[in-house]
Amino acid sequence: MQKTYKFIIFSLLLAFGVLSANAQVKKISPDTVSKPWFRGLRLDLDLSPLVTTWLSNSETYSYQAAVQADIMHKYFPIVEFGYAGADRTASNNIGFKTNGMFGKIGVDFSLMKQKKDAKPTNNLFLAGVRLGFSNFKYDLTNIVITDNYWNETTTLNYLNEPATIVWFEIVAGIRVEIIKNIYMGWTVRNKSALGENMIGEMTPWYVPGFGKNAGSSWGVNYAIGYMF
Amino acid sequence: MKLINKIYIFLTAMIFTACTSSDECREETDVYMRTGFYTKTISPTTNKYSTTSLSIDSLWVNGLGIDSFLYRNKKSIKTIQVPLKKTEMQSDFIVRFNDITDTISVFYQNNDRYYLSMECGCIVVHKVDEVVSTNHFIDSISIINRDINTADAENIQIYHF
């Protein structure tokens, strides 16, 4: 937990540092050449599952792609979509299994301001928001209920339990043009589930696109993209 | 580019310092019907009944058909907590108050979808419909809280006048 707190504090400091540094550059350079408002579409493919699936001992997996538009190199509307799942057996032998599609829609804003005399760059430092959605089914199996006094034992299996989860994300990331039209970069995201579960309500351990179903979670994507 | 390099290093380090989660159940899983003993006394001045807690000198409790006792000659006891059957909708208890024995039958509905967590699984909670008893020591029974779960709340009150 201490690591999580350190990470949150570091992330906030980083975000405020970037925003304040950005805010100090207030001089607006006059555009001498008119540019089109639409600057292209970038298709991103998330490479992080290569690492995160291994880190989770193959209990969870999540594959994601995104299409992001460049509007005036300031606004970056984005649609993200993917397929994720989990297959876990807890130490008490309770099994959880799910898989399903998820989608996110949102927008990023460029945090980089071009200095007057600087060489033009296509690299991006972005911050933005997402609204995520996943409709899926899950299995919760091998729940053993015992009562030592009445000498009762029963095993419960809940199959194809439906769930619809909506969540909100705050994201920050970078994209660097490593060769012409090919971009790579990170996105860090903090996810917060919308709506609260009732006490005792059955909830999925893992939500496609959201992750482990705590009230909030962190995620990291490492993407390679092509700008059309 | 220096800032970008720093972010790369930070994020890479973050992945390898991922938190480990505990796999133990740390939540309350015991579900008991909590019962209090009471008596009603009439006030000579106001002529109104008032309810006071009743301490039983010696109490024995066991489930009908079960040899082992939940309470065995327990002295000076005011409350008890007893488990209900999780796969049936009726539980019967033999309760011996000092030397007087009563049988209490509890009728209820079970909910086996009360989910705690992946580590703890589900527990069976109950909703009490009715409680009946013989009336050798017991005069009446009131249902105070029909929901029987892990909460530390009194469910029924047993009255002896």
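From the N terminus on, the elements of chain A follow the order α-β-α-β-β-β-β-β-β-β-β-β, which amounts to two helices and ten strands, where helices (H or I, at least four residues) and strands (E, at least two) are DSSP runs, numbered from the N terminus. The model is predicted, and for that reason local features need pLDDT of at least 70 and side-chain atom pairs count only at pLDDT 80 or more, whereas totals for chains, interfaces and linings use all residues. Residues are numbered from 1 along each chain as its sequence is written, chains are lettered from A and ligands numbered from 1 in the order in which they are written, and side-chain values use heavy atoms, with hydrogens and water left out.

Chain B has one helix and eleven strands, and its elements run α-β-β-β-β-β-β-β-β-β-β-β from the N terminus on. Buried residues (under 20% relative accessible area, with exposed meaning over 50% and partly exposed in between; 1.4 Å probe, protein chains only) account for 43% of the 228 residues in chain A and for 40% of the 161 residues of chain B.

Over all chains, the structure holds 16 salt bridges, a salt bridge being a side-chain nitrogen of Lys or Arg within 4 Å of a carboxyl oxygen of Asp or Glu. One of them joins the side chains of A:Arg88 and A:Glu59 at 3.8 Å, N to O; because A:Arg88 lies in strand S3 of chain A and A:Glu59 in the loop between helix H2 (49-55) and S2, this pair ties together parts that are 29 residues apart in sequence. A:Arg88 is buried, with a relative accessible area of 6%, whereas A:Glu59 is partly exposed, at 23%.

A salt bridge of 2.9 Å, N to O, is formed by the side chains of A:Lys104 and A:Glu169, and this pair links distant parts of the chain, with A:Lys104 in strand S4 (residues 95-110) and A:Glu169 in strand S6 (residues 152-179), 65 residues apart. Both A:Lys104 and A:Glu169 are buried, and they belong to a network of salt bridges that also includes A:Glu80, A:Asp108, A:Arg130 and A:Arg189.

In chain B, the side chains of B:Arg34 and B:Asp152 meet in a salt bridge of 3.5 Å, N to O. Since B:Arg34 lies in strand S1 (residues 33-42) and B:Asp152 in the loop between strand S10 (147-148) and strand S11 (156-159), the pair ties together parts that are 118 residues apart in sequence. B:Arg34 is buried, with a relative accessible area of 13%, while B:Asp152 is exposed, at 71%.

A search of the whole structure finds 17 aromatic pairs over all chains, in which rings of Phe, Tyr and Trp (its six-membered ring) have centres within 6.5 Å, and planes under 30 degrees apart count as stacked, over 60 as edge-to-face and the rest as tilted. A:Phe136 and A:Tyr138 form a tilted pair, 6.3 Å centre to centre with 45° between the planes, and both residues are buried. The rings of A:Trp205 and A:Tyr206 also form a tilted pair, as their centres are 6.4 Å apart and their planes at 40°; A:Trp205 is buried, with a relative accessible area of 12%, as is A:Tyr206, at 6%.
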